[in-house]
Amino acid sequence: MIDVQTGHAMTALRILKKALLAAALVIAGAGGYTLAARHGGSGTPPEMAAPELQAKEVVVDKSARTLKLLRDGTVLGEYSVSLGGNPLGHKEREGDRRTPEGDYLIDWHNPNSSFHLSLHISYPDAADKAHAAATGENPGGDIMIHGLPNGWGFLGSLHLLLDWTNGCIAVTDEEMRKIWSLVPDGTPIRIEA
């Protein structure tokens, strides 16, 4: 038999923990990933893996909250992710806190990120820009795969309790170091609903 008062207290404690985590992540990542955040500093990045060990494709499944690194159909790594705070649907404008959907490229590595390392995703593409222009909006940009805000790596997988980014794809710092070393610039990334 479950004690009703204990059950309520445990539910309240879980809610409090999520609220504190949300507040910490919002404070740590205040303003999200902006142009200024490019110059934060994440420490020394890992060396790239040998070319024959690197991924040829990245697949993000938003509904499953997973990121997979693939090479010729073989899964090199699978990671749980946090997404933008408004995760349903394709990113349409700056500030909507959505993670884009579609086919893009990893087009550059950023060792000086305010989040522990980051890989830039080539959003917005021409279609995204045209859609935003047609609606009179700015499509946004600076969408990344990144670790936790610098100095907050101790949160580890607790960050998975909620979607907290401004549209990026977040993993733990340790996972980001693995992803960094396995994903060269020019790697295709598919982000699925």
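**Salt bridges and core of the chain**

Q: Is Arg190 buried, exposed or partly exposed?
A: In this predicted model, Arg190 has a relative accessible area of 37%, so the residue is classed as partly exposed.

Q: Which side chain meets that of Arg190 in a salt bridge?
A: The partner is Asp103, with an N to O distance of 2.6 Å. Arg190 lies in strand β8 and Asp103 in strand β4, so the pair links distant parts of the chain, 87 residues apart.

Q: And how does Asp103 count for accessibility?
A: Asp103 is also partly exposed, at 49% relative accessibility.

Q: How many salt bridges does a search of the whole structure find?
A: The search finds six. Among them is the bridge between Lys91 and Asp96, whose closest N and O atoms are 2.9 Å apart.

Q: Are Lys91 and Asp96 buried or exposed?
A: Both fall under the 20% cut-off for buried residues: Lys91 has a relative accessible area of 4%, and Asp96 stands at 7%.

Q: What does Asp163 pair with?
A: The side chain of Asp163 meets that of Arg65 in a salt bridge of 2.7 Å, N to O. Asp163 sits in the loop between β6 (144-146) and β7 (169-170), while Arg65 sits in the loop between β1 and β2, 98 residues apart. Arg65 is partly exposed, with a relative accessible area of 26%.

Q: Changing topic, which residues touch the most other members of the largest nonpolar core?
A: That core has 26 residues, and those touching the most other members are Leu67, Leu69, Ile121, Ile145, Ile169, Ile179 and Ile189. Elements giving two or more residues to this core include β2 (66-71), β4 (102-110) and α3 (173-182). Helix α3 gives the most, with four residues.

Q: What does Leu69 touch, leaving out residues up to four places away in sequence?
A: Its contacts include Val58, Leu76, Tyr79, Ile179 and Leu182.

Q: Which residues does the second core include?
A: The second, separate core has five residues, including Leu148, Leu155, Trp164 and Ala170.

Q: What about the overall layout of helices and strands?
A: The chain has three helices and eight strands, running α-β-β-β-β-β-α-β-β-α-β from the N terminus. Of its 193 residues, 41% count as buried.

Q: Where is the pLDDT below 50?
A: Residues 30-39 have a pLDDT below 50, although this stretch has 24 contacts in the model beyond near neighbours in sequence. For the chain, the mean pLDDT is 87, and 78% of the residues reach 70 or more.

Conventions:
Residues numbered from 1 in each chain as written. Predicted model: local features only at pLDDT ≥ 70, side-chain atom pairs only at ≥ 80, totals over all residues. Heavy atoms only, no water. pLDDT = per-residue confidence, 0-100. Contact = heavy atoms within 4.5 Å. Core = buried A, V, L, I, M, F, W, Y, C linked by side-chain atoms within 4.5 Å. Buried < 20%, exposed > 50% of the residue type's maximum accessible area, 1.4 Å probe, protein only. Salt bridge = Lys/Arg side-chain N within 4 Å of Asp/Glu carboxyl O.
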